[in-house]
Amino acid sequence: MPGPLTLGQIVARLGGRVSGDAATVVEQVASLDGAASRQISFFTGSRYRAKLAATQASAVIVGPESEGETTLPRIVADNPYAYFARVSQLFNPVVAQPPGVHPSAVIARTAKLGERVSIGPGCVVGENVAIGDDTCLYPRVVVYPNCRVGNRVILHSGVVVGADGFGIAEDGGRWVKIPQIGGVRIGDDVEVGANTTIDRGAIDDTVLEEGVKLDNQIQVGHNVRIGAHTAIAGCAGIAGSADIGRHCTIGGAAVILGHLRIVDHVNISAGTLISRSILKPGTYTGVYPFSEHAAWARGAAELRRKGKNK
Amino acid sequence: MPGPLTLGQIVARLGGRVSGDAATVVEQVASLDGAASRQISFFTGSRYRAKLAATQASAVIVGPESEGETTLPRIVADNPYAYFARVSQLFNPVVAQPPGVHPSAVIARTAKLGERVSIGPGCVVGENVAIGDDTCLYPRVVVYPNCRVGNRVILHSGVVVGADGFGIAEDGGRWVKIPQIGGVRIGDDVEVGANTTIDRGAIDDTVLEEGVKLDNQIQVGHNVRIGAHTAIAGCAGIAGSADIGRHCTIGGAAVILGHLRIVDHVNISAGTLISRSILKPGTYTGVYPFSEHAAWARGAAELRRKGKNK
Amino acid sequence: MPGPLTLGQIVARLGGRVSGDAATVVEQVASLDGAASRQISFFTGSRYRAKLAATQASAVIVGPESEGETTLPRIVADNPYAYFARVSQLFNPVVAQPPGVHPSAVIARTAKLGERVSIGPGCVVGENVAIGDDTCLYPRVVVYPNCRVGNRVILHSGVVVGADGFGIAEDGGRWVKIPQIGGVRIGDDVEVGANTTIDRGAIDDTVLEEGVKLDNQIQVGHNVRIGAHTAIAGCAGIAGSADIGRHCTIGGAAVILGHLRIVDHVNISAGTLISRSILKPGTYTGVYPFSEHAAWARGAAELRRKGKNK
């Protein structure tokens, strides 16, 4: 990590332009209301105008339309939030674990590890697994055999890659297990949150394309495909063989049923259950509106009546 | 695992009959569209007729009603999907971890392990735990003290059996913890998916009867009973003391509230919250239908209005 | 743990009063219908009157209004359920793991451990973590660097404290990671259930105040604050920067969206998604009522129609 930087040095690296004193020195990022001297924050809309006025930050990042909102030294950038992310990366490590394989990790002899991997304590990497360069497994990640993890991937603690998909066939009241002989392929620049699970394919592979971002506690069923640069928030569940496009966003606790298709550039609201394919980009929602319990109970009773009366 | 088998050899082991050349050799299973030579696939309905026509498989498994749909060598079986599962078991191990206890596993001295158990790296098995024959714990499973796991059970990575149930009593604005002194009993032939949690009972045991199949990331509360041969999909939550019958299916992310009863042969749809006992077999659903966001917002506003107007 | 106690000895420690023979000896707690001799149970309402009549318990705990419901030796207490919890604590350990650090745990040299901590096998405690006195980490807990855990805290197996929050900024169709440089602060007397995840803050800390109780498989996003003595049931999801008051209860699988505020003394029903701030104490619900599938389908179709027709 570099030490302190002037605004001029930052724009030399990341683009944008300085308005005010380019020699202003900053050494860390902060929120508007938490900032202290030598820290840089960002401003993204009029909702935060009072906080901007009161901030103790030495500098802020603003969009061109907001350049006049403050007299503080500022960096003007088209996308202040993404610019802020890049500035934060200058001051802070993206991966907070040193490279190397911790001696308590259990790595199968046939596993192939890339350059500069970081594998934390208690991780287990199975037979014939391939892990790319600069990839980080935080403590207690398990990768089952025959899975492939790309470059610059981050797997947080408790992630399980490649456990058996839920493949069972009913036979006379009993369940017969279907061996899950596919694997998992995780592309480059994917990040997977804590305790998320990604099942191996039944026959073919489960696939996460490059740039996919998964939050914590997500379940990805067997033979799912998640298209490049799609982001999924915590507690979502993706059932088997769902085919999700690129550049989608899926809100927290949303559920995508199996064997359906979602095209590129679809946004699913938090808590929504998707029961049919979505073939048109857009935003889709299906959440029961909450209210005080008594009001809800009246509405729910009527809804239930309607189903019965016909 | 056996090597290649002829269709004749397969029906000699598994039943059914061959239509076409019984000397056809296969050595692996495949999907219709992914199959190559020397692979066997299955056909279960007219929806897949085009794939059947185009398949490169050497043989297929079909039901009696579909025997005439193809001229490929085929095995005719009453339940082609279950038959396929059994054929796959001939060619592939059901458990992909060798028997034995990995040296990094921590097994309490008072724990009793059955014959041919397989306990992966990083597992922790507590005091007075009993684990049956041919049972497999994949890496990083935890079994708390005083729990019993049957024969031929599979616990996937990250499973936690026997953590304390959520037993707290309110007392003057504080929560008093109720010690959880029951255990967990898991019957034979149960499979539990990655990162699923099964809490120990408050006083009596939490019970999973034989043949229960749980997918990933399911939460089973204290003193739940899940009847034999019930299957539950990922992310479902079963609250404390729920009593679920045999031969039920519960869809992904469904929620069963506590202290209620569900009889045998009930199917709960994905995403449904069950708030009352179900005393009649059948299929039950309660999901807000999703739509484009603007359409949803209109419907939701009306629903909310109705609750308020009365 | 003490051995057997008389009712008289119990009230001397815990308050309340004895009705009937104060020399009655008990040595364990039980449910009314599971109780045997020398066990003590509790009675909280007329719903359980038949069980009270049939119980084999040697004694029961009852409220003042129920003193006449039984002739068994009994302890009369204002809050029988909380009293039962305290009696159970007399006979059973609240933490079922001995103090000390298991040799297979990986503790960073800069971590500070309090007195009498219990850290189970496979735990990982990162740099600059502080863990308070009498705190228990069951097997396979991970605490990322720079997090603080209070006194008398219980973290169950699979808990992950301090993984990165889901901070990403969109930039030309790609996601830029925002380093998560805040930590997590967990107050005294907090309990966290198995496989629950609590993310570190983006810039400032994520905070669980004293006495918070979290069940299993809960996701707590970055910069959430959960007020003191709030209890949250399993599978709930709390999105980033949600600010939840004190003395709230949140039902299982409920979802709280990000950047909103819930005041003290709010109860959220299981399965409810909270999409706006709640500024008034009370109980709030939003769940689609379940019914037999065909009835549900009719009601849902009408709901969908309404959204479209306007």
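In α3(C), the buried residues are Pro80(C), Ala82(C), Tyr83(C), Phe84(C), Ala85(C), Arg86(C), Val87(C), Ser88(C) and Phe91(C). Buried means that 20 or more other C-beta atoms, placed from the backbone, lie within 10 Å of the residue's own; exposed means 12 or fewer, and partly exposed lies in between. This is a predicted model, in which local features need pLDDT of at least 70, side-chain atom pairs count only at pLDDT 80 or more, and totals for chains, interfaces and linings use all residues. Residues are numbered from 1 along each chain as its sequence is written, while chains are lettered from A and ligands numbered from 1 in the order in which they are written.

**Helix α3 of chain C**
- Nine of the twelve residues of α3(C) are buried, so the helix is largely enclosed by the rest of the structure.
- Helices (H or I, at least four residues) and strands (E, at least two) are DSSP runs, numbered from the N terminus.
- The helix covers residues 80–91 and should span 16 Å at 1.5 Å a residue; its end C-alpha atoms are 17 Å apart, which agrees.
- That expected span is 1.5 Å times one less than the number of residues.

**Symmetry**
- Chain A superposes on chain C by a rotation of 120 degrees, with 0.0 Å of shift along the axis and an RMSD of 0.0 Å.
- This is the relation of a three-fold axis.
- Tyr288(A) has the C-alpha nearest the axis in chain A, 3.5 Å from it.

**Chain A with chain C**
- Chain A gives 58 residues to this contact and chain C gives 53; two residues are in contact if their C-beta atoms, placed from the backbone, lie within 7 Å.
- On the side of chain A that touches chain C, α3 (80–91), β37 (291–292) and α4 (293–309) each supply at least two residues.
- α4(A) gives the most to that side, with eight residues.
- Two bridges join β37(A) to strand β36 (residues 282–285) of chain C, and the strands run antiparallel.
- Strands pair if DSSP finds at least two bridges between them.
- Glu292(A) has Tyr284(C) as its bridge partner in β36(C).

**Chain B with chain A**
- Here 58 residues come from chain B and 53 residues from chain A.
- α4(B) gives the most to the side of chain B that touches chain A, with eight residues.
- Tyr284(A) has Glu292(B) as its bridge partner in β37(B).

Notes: Copies are superposed by least squares on the C-alpha atoms of residues with pLDDT of at least 70 in both.
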